[in-house]
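Work through the exercises below with the structure open beside you. Try each task before you read its solution.

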Amino acid sequence: MRLVDVGDVIGMSKKNSNLTVIPFGPQHPVLPEPIQLQFYVDEETIVDVLPNLGYVHRGIERAMELNDYRRNIYLCERICGICNFMHGMAYSELIEKLTGTQVPVRAQYLRTIWAELARLQSHLLWLGLFAEAIGFESLFMKIWRDREIVLELNEATAGHRIHLSTNVIGGVNMDMDRKLLSRYLSDMNKLKKEINDWSPVFYKDRAFRAKTIGKGILPKKDAIHLGAVGPTVRGSCVPQDMRTLGYEAYGELDFQPITYDGEDTYARALVRLDETHQSIDLIKQAISQLPEGDLVNKNDKFPEGAAINRVEQPRGECFYYGVGNGTIHLERCRVRTPTLPNIPPLLQMLVGHEVSDIPAIVHSIDPCMSCTERITYVKEAE
Amino acid sequence: MPSFLGNIMENLFGKPATINYPVEKPPIVEGVRGEIHFDMRKCDQCQDCERLCPSAAISVDVENKQITWDPFKCIYCHLCVRSCLHKAISAKENLSAPDYKQGIKTFKTE
């Protein structure tokens, strides 16, 4: 068995036979997870790109149909390590829609705080990795050291650094006392100070700007047409943010989607940098408005009917679709994570650029392949 | 350069960030989700933990009054600890050892 060569399937290899084919991945130092991109290059310029996905397909959707729907929260959290809390939250919201459960207001606020904390650590992780991908090794270490502040808050809240596992259907299973909340506030101020310390590198450094400005152009029209999501589309000046739908406590908080009109890799980096400040601000707002009350509303109904749910993850819109049939198992659960809609824009961004620009441009969409793999193609070896 | 001086001094004269791991144990944060322990005197073999466990790490043998727990299957979500009606499952605040020899733990009624 071997993975299908996409070039063979659509006759691309024959069409571009005078071009050189450079395989990028599935294992490459700049890629945290496996995806293969076949570059058709004319000397140094990229003429065409073909993606090849499916290296880390895990069959999660099928497993979700076989599991008890209440246990799926923990499975959903394993779809993505970085946005694990948001996957758990999105799935809980979906089941709450299917069963008609109302979540208590305090639980909504707590979910919002933890979701923003997850966004914060994801963006810090990305900023560090991006700095490393374009040659800023010590900046990478500094950013990741600051990310520890968030991870230690996670540990103090729920006992684990990454997997909070605090979501249950109808609310949350952990509370935060006043002492922990004041630690959140002081740590957020500390983190803000640290971010202000290193952020001038992103705004002012000549080498950084030279490697990112004008690279990986995604015009506003194409970003909308190709269906880009998250910071990728906001870097092309489209104010698309699922948080404005007002799920959980976002409807009560004051924020505006951050957009930049650069349409290039630099704009996408700055969107993420500014969103770290926005997340800190949202956490502070949510803590100041946090009401007292119950944590969970129990509901014994089984999920019935069909529903969709959309949340804004660090990488963009995450889409959940579920069908329940009144039993303990879901009939269908579909998950579309933000990297999948960002791959067609990525292919367009790369065309016309030089081979040396590939790492920065590929990184600019924040690819998270393990979340994306919902299907894999295999064929018998001859 | 002057902005780096503070960091340089801190790194020169400060303690190392790493610890001598197997000899020295890492500090444990309060409330960390660690290993679980079954109190067999309280347990009534209702099998709720076995049904709820998301990763099927717990199995209850009602005939022999015995519970087995696999630390490597366990995802340390502590759903069993919260849901046990008789409070027979307690959680330790420790970091589980990365040791393949520790194997499956068995809890038996004496």
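**Exercise 1.** How many residues does the contact take from chain A and from chain B?

*Solution.* Start with the cut-off: two residues are in contact if their C-beta atoms, placed from the backbone, lie within 7 Å. The contact takes 9 residues from chain A and 9 residues from chain B. Next, look at the helices on the side of chain A that touches chain B: H4 (72–77) and H7 each supply at least two residues. Helices (H or I, at least four residues) and strands (E, at least two) are DSSP runs, numbered from the N terminus. Last, sort this side of chain A by class: 3 nonpolar, 4 polar and 2 charged residues. Here Ala, Val, Leu, Ile, Met, Phe, Trp, Tyr, Cys and Pro count as nonpolar, Asp, Glu, Lys and Arg as charged, and the others, Gly among them, as polar.

A note on the model: it is predicted, local features need pLDDT of at least 70, side-chain atom pairs count only at pLDDT 80 or more, and totals for chains, interfaces and linings use all residues. Residues are numbered from 1 along each chain as its sequence is written, while chains are lettered from A and ligands numbered from 1 in the order in which they are written.

**Exercise 2.** At what angle do the axes of H7(A) and H8(A) cross?

*Solution.* Find H7 (residues 137–158) and H8 (residues 178–204) in chain A. Their axes come within 11 Å and cross at roughly 170 degrees. Axes are lines fitted to C-alpha atoms, for helices over the stretch in contact, and angles run from 0 to 180 degrees between N-to-C directions. H7(A) and H8(A) are therefore roughly antiparallel (over 145 degrees). Residues in this contact include A:Ile143 and A:Leu153 of H7(A), and A:Tyr184 and A:Trp198 of H8(A). By class, the contact has 11 nonpolar, 1 polar and 6 charged residues.

**Exercise 3.** How far apart are the axes of H6(A) and H7(A)?

*Solution.* H6(A) covers residues 105–133, and its axis lies 8 Å from that of H7(A). The angle is about 165 degrees, so H6(A) is roughly antiparallel to H7(A). Among the contact residues are A:Leu124 and A:Gly128 of H6(A), with A:Phe140 and A:Trp144 of H7(A). The classes here are 13 nonpolar, 3 polar and 4 charged.

**Exercise 4.** How many helices and strands are there in chain A?

*Solution.* Chain A has 15 helices and 10 strands. Its C-alpha trace spans about 70 × 50 × 35 Å along the principal axes.

Methods. Parallel < 35°, antiparallel > 145°, perpendicular 65-115°, else oblique.
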